[in-house]
Amino acid sequence: MGSGTVFILIICLVIGLGMIGFGVYSLSRNKKDGYTRPEAVYEDEVYEKPFEDDSDYYPPIMETLTEDKPIVEVEVSHSVKTNAYKVRDSVRIAHDIDKQVLKERGFLAILCDGVNFDEDTPSYISKRVMDEFYGDERGSESVQDFFENIIDKLDAEIVKFSNNGKAGTSFLACVLTGKEMYIIGVGGARLYHIHGKNMKQLTSEHRYMLELNAKVKSGEMDEAEAENHPRKNELISYIGVGGINYIDMNDIPIMVEEGDILFYCSDGLYNILDDDEMHSTITSHEGMFKNCAKDLTAAAMDSSGGVKDDDISALLIKIGKQEVL
């Protein structure tokens, strides 16, 4: 065998090993049994141009990114009346982070909604994630790797130290770096993106209905059986469940523009007000932006006929004028 032939075989072997390695990496990035990506929400839509107010919504994913950094206006609304930049039950935002750190790691906002009436875990989880995201000991891993790792770690920790086996929380977060947004969702809380007259839900609810729909699709049961199943609304993926099977996370950044609003809400809100009612309350608000989420809470309580305000969590983040940090 000539030296030229040997050389070609070596090159082919190296390329083959590289492709195998890439495949293993891809599988590891999708290790969750039900790993979902928010891009899937838009898979049937076209991204030919930035969407306009009167158009159907689609995510403004851009090939050329800008260096501009948006000012982020934040308001937290809940039953507890505290400073908007402090912890309010299960909500935390990056309120006192050095600008250079924000530029490097992004602006993080979190909403945690306890399951099984758990009042302690949401605050604990949101603080741990916030501290580690901006902590000095954090490595150089990507946003996605950071959240995959810490969610798995905290899930195991909550299961280990839970006294009654029912502790846990839904977890919803977004990281804003300039105009780029990455989202992370586990459980039943929702994140919406509002642009002009359009509002789009970016995260899914990880309930048993996901499994039932899969059975309907495979022919194991019909739609009526699934719809009437007693467990259809049971959460099957949350921090504390003991093995995260579903997580919403995007690899490609979703772009935000000046005037856009990111709207987090717990099931205590969206179970009372439908999407149109929530969108109308937000877009018709004429007062100070910081009171908008309070109006949502009030509207839900007026419509509920008795729900407690501590069952309702809402967080609104408004993207303001561009400014380089």
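Predicted model: local features only at pLDDT ≥ 70, side-chain atom pairs only at ≥ 80, totals over all residues.

Colleague: Why is the pair of F133 and Y134 called edge-to-face?

Modeller: The ring centres of F133 and Y134 are 4.9 Å apart and the planes are at 90°. A pair needs centres within 6.5 Å, and planes over 60 degrees apart count as edge-to-face, so the label applies.

Colleague: How do you know whether Y134 is buried or exposed?

Modeller: Y134 has 10% relative accessibility. Buried means under 20%, so Y134 counts as buried. F133, at 0%, is buried as well.

Colleague: What makes Y192 and F263 a stacked pair?

Modeller: Their planes are 20° apart, with 5.6 Å centre to centre. Planes under 30 degrees apart count as stacked, so this pair does. Y192 belongs to strand β6 and F263 to strand β10, 71 residues apart.

Colleague: Why is R231 said to lie over the face of Y208?

Modeller: R231 is 4.1 Å from the ring centre of Y208. The limit is 6 Å, along with an angle within 35 degrees of the ring normal, so a charge listed as over the face meets both.

Colleague: Which residues of the largest nonpolar core touch the most other members?

Modeller: They are L108, V129, F147, I151 and F171, in a core of 48 residues. Helix α4 gives the most to this core, with seven residues. A second, separate core has 19 residues, including Y192 and L296.

Notes
Residues numbered from 1 in each chain as written. Heavy atoms only, no water. Core = buried A, V, L, I, M, F, W, Y, C linked by side-chain atoms within 4.5 Å. Buried < 20%, exposed > 50% of the residue type's maximum accessible area, 1.4 Å probe, protein only. Helix = DSSP H or I, 4+ residues; strand = E, 2+ residues; numbered from the N terminus. Phe/Tyr/Trp six-rings, centres within 6.5 Å; stacked < 30°, edge-to-face > 60°.
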